[in-house]
Structures are given as C-alpha cells and as structure tokens.
Amino acid sequence: MKALCWHGKNDVRYDTVPDPAIEHPRDAIINVSSCAICGSDLHLYDHYMPGMSCGDVLGHEFMGEVMEVGSETKNLKVGDRVVVPFTIFCGECEQCQRGNYSVCERSNRNKSLADKVFGHGGAGLFGYSQLTGGYAGGQAEFVRVPFADTTHIKVPDTLTDEQVLFLGDIFPTGWQAAVQCDIQPTDTVVIWGAGPVGQFCVRSAVLLGAKQVVVIDNVPERLSMAAAGGAIPLNFAHESVLGRLQELTHGKGPEKCIDAVGLEAHATRSLDSVYDRVKQAMWLETDRAHVLREMIYVCRPAGILSIPGVYGGLVDKIPMGALMNKGLTVRTGQTHVNRWTDDLLRRIDEGQIDPSFVITHAVDLAQGPEMYQTFRDKQDGCVKVILKP
Ligand code: NAD
Ligand code: ZN
Ligand code: ZN
C-alpha cells in the first residue's frame, strides 16, 4: 500500500510499504477514506520527539471503512464507517473505566520505555514513535487499529468525511481544553494559537457560553478564521498581548487561558538516541515557556490555565511564585477523545457546528510530503490539510 513515512527531520516520503494485517483478535483493518496532518505531526517533522525510526508510517487523524475484523471484535463489522480516535484505549483498565482514555494502562505496548523517558507512559498513539507504542499511523491506504472494539467512533452516512473526521482529535481537543476551563457566562477566555486546535478552542468556548473570547497569533488568515468563529483577534506581532488583554478585561486579566501552541517549530538539531533527545529538549526548552509564562502573568487570580499544547522534555523558567500566589489551576493532557464523542456528534448533527470550516487544503495522499511543509510554514493560507488516499 501507499503511505506517508518519516525518514528524518523535515523528510516525509510517499512510500510503498507492506499492507497491515490482523495481529490480535481485537484488531480491525480500516480502509482509509480521509486523513489529516495534525500540529502534533509537526513535532515529528521537526524531530522534537524521540523514538522515530526511518520508514515509520505517520498519521493519527483518519477515518474510513472497516475491511476486516479480528475474532473478538464483535461490535464492528465489515463495511462499518468509523472515525478512529488518536488515543488507542482498551476500555477495561482502571483509567479507561474512569473515562481517562488517553492514559489507558494497556494500549501502549512500549510502556516501560515511555515510563523511563516521561516518568510515566500514556496510552498508545497511532503514528507517533516507539514511545507511544510504535503503531503504524493512518496517513496511509490501510491501517491496523488495535483494541478496535473500543477504539472507534461509528459515524452516520448522512454526514460527510469533512464534517466528522476531526472527531478523532482536534475537535474534542479544543472542546476538552474549553471544558477544562469551567466556563462561566461572565468569563473572558483567551486562546494562544489560532492553529487548527486553537480554532476548535474558539468555537468550543463560544458554544460553552463565554462572555468574551480572544485569540492570539501572528498569522492573519488564522486570526480571521477565528474572528469569523466569534473571537476577538489579537496579533502579537503588532500589539502588546498584556496591554490589550488588560484593556479588554478592565485591568483585571482574563479568568481563563488556553495554550494551544505547545512546542513550536524551532528545532535546530537532530540527535539519534532517545536519551540524547531528552537532553536536547532540556537544553532548548529554556526558551519554550513563552506562552506558559504569559498565561501565568496575565491570568486573573484564582483563574484556570488549560494546556492542550504538547510539550516534551523539561520546560524551564516557569514563574512558580506567581502561579502559586495567584492560586491558579493548571489542567492539561492528551485528549480523552471518546469521552466527548456523543455530545460532539450530536452538535454536528444538529448543525451547531460544521467542523469542515477549518479545512483550507484537500489533496491526494501523494501530495502529503509537500503539504507537511506548507502546513508547517503556514504558506498559502494553510490552516488544515486533509488527504485522500
Ligand atoms: P499549529 O502548529 O498549526 O498551530 C500553532 C499556532 O500557534 C500557530 O498558528 C502559530 O502561529 C501560533 N503561535 C506560535 N507562537 C505563538 C505565541 N507565542 N503566541 C500565540 N500563538 C503562537 O498546531 P495545531 O494543530 O493547532 O496544534 C496546536 C498544539 O496542540 C500542538 O502543540 C499540538 O501538538 C497540540 N495538540 C494536542 C492535543 C492533545 O491531545 N492535547 C491534540 C492535538 C494537538
Ligand atoms: Zn493530533
Ligand atoms: Zn485501558
């Protein structure tokens, strides 16, 4: 089959690789109809994350038709149309029982390696390095889904791929980030980053009834898209973030702050071993707390900081005194995708939101390598790329 494969820093190729096969009775094989490139894939593209090998199939946002099921995958049948959540989860462990799917205790088959590097291992993820299980991703014609009897979202034929694809990652990620803010009708919610995740944070904060939503970025097309979704745009290249936020909140600061930026694309070196990567992260992370610092300084006392943005390694220069004395609450994590599915699918079905608004580029999978660069460099008004195998 054809797939987008990682070959090193800034080197993604459209390769021919072996077709996946059922390896476990709970597996399914999906014939991918649509997939997308996520901001998290850029961390691999820029070689921020350790544990990638040459030829690894990328991609964790995908959907399609069930082609084959293992003998224990009773609730799926050939022909079912599914979106696949980016977090693989067993549905049975203590964390899954509590709905904490992104920290499933069983789906990361390389958990002990991840435990060593991160201090704990989260769930298995598709197309995201040996540290998250080394599972082949979905920027491909076909993909094996482990624990497929739980790791799926059935979607109705009445909705298009473009309307439901993002239920697997960026829509619930923006939603969870906003829900974690406990939004009140009097709240100002500020979102750093108007990338695809930031866009869904904006729409979610509006749907959840915030008084005022502000979005910060320096990419005009992204700010305009967020403004169309109901946010006040703030271009950090042209105006003072602190000054404008003070002005918009009568000098008090916003109650709720969301970091939808995370690791930005500034990696300069590429090292081979997992441990060297973490050391490198320690070295370069000193400059990477910019958004976190800004949020801590600007947030109103007793406010909430919600951090869907992905970080790795150690991050330095966090003003702990301000965080503590202001009594701020910090909430973060990979998204527990399936926790939000029923609610979000209903909202799409009722027309409260059409997630396809975020798509700026729809191309063949073969164009994936150039699209990684377009998306990373925010060229050509790119906000979100979907690919058709
Ligand atoms: P993206 O890279 O397209 O968007 C990031 C945006 O942040 C860009 O538009 C960039 O211009 C902007 N930015 C950079 N520096 C900034 C600053 N100082 N202030 C304000 N804006 C700034 O990525 P995305 O797809 O939107 O993803 C955003 C983050 O969310 C990434 O870190 C990604 O890994 C993470 N993510 C997390 C989860 C999760 O489960 N928690 C899921 C998906 C994505
Ligand atoms: Zn993602
Ligand atoms: Zn589990």
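Here is a walk through this predicted model, from the overall fold to the ligand site and a few individual residues.

Let's start with the chain as a whole. Its secondary structure comes to 13 helices and 18 strands. The radius of gyration is 20 Å, close to the 21 Å that the globule rule gives for 389 residues, so the chain is as compact as a globular protein of that length. Along the principal axes, the C-alpha atoms fill a box of roughly 60 × 50 × 45 Å. Of the 389 residues, 50% are buried. If you count the contacts with a separation of 6 or more, 73% of them join residues 24 or more positions apart.

Next, the domains. The assignment gives domain 1, made of 2-169 + 336-388, and domain 2, which covers 171-332. Their C-alpha centres lie 24 Å apart. Where the two meet, 29 residues of domain 1 and 24 residues of domain 2 take part in the contact. On the domain 1 side, helix 1 gives the most, with four residues. That side of domain 1 divides into 14 nonpolar, nine polar and six charged residues.

Now to the interior. In soluble globular proteins, nonpolar side chains tend to be buried together. In this chain the largest nonpolar core has 111 residues, and those with the most contacts inside it are Ile30, Val83, Val189, Ile191, Cys201, Val215 and Ile258. Strand 3, residues 28-36, gives the most to this core, with six residues. Because domain 1 and domain 2 both give residues to the core, it lies between them.

What surrounds ligand 1? The shell holds 33 residues, and the closest are Gly39, Ser40, Gly193, Gly195 and Gly262. Helix 1 (39-45), helix 5 (170-179), helix 6 (196-207), strand 12 (212-217) and helix 10 (290-298) each supply at least two residues of this shell. The largest share, four residues, comes from helix 1. By class, the shell has 16 nonpolar, 13 polar and four charged residues. Both domains are represented, as domain 1 and domain 2 each provide at least three residues.

Ala123 is found between helix 3 (111-118) and strand 8 (124-125). Is Ala123 buried or exposed? It has 31 other C-beta atoms within 10 Å, and 20 or more are enough to count as buried, so Ala123 is buried. Leaving out residues up to four places away in sequence, Ala123 touches Thr87, Ile88 and Phe89, as well as others including Tyr101, Val103 and Asn108. For a sense of scale, Ala123 and Glu247 are 124 residues apart in sequence and 42 Å apart in space, C-alpha to C-alpha.

How values were computed: Residues numbered from 1 in each chain as written. Chains lettered and ligands numbered in written order. Predicted model: local features only at pLDDT ≥ 70, side-chain atom pairs only at ≥ 80, totals over all residues. Near = placed C-beta within 6 Å. Nonpolar A, V, L, I, M, F, W, Y, C, P; charged D, E, K, R; others polar. Domains from an automatic or database assignment. Rg over C-alpha atoms; globule rule 2.2 N^0.38 Å. Buried ≥ 20, exposed ≤ 12 C-beta atoms within 10 Å, placed from the backbone. Contact = placed C-beta atoms within 7 Å. Core = buried A, V, L, I, M, F, W, Y, C linked by C-beta atoms within 7 Å.
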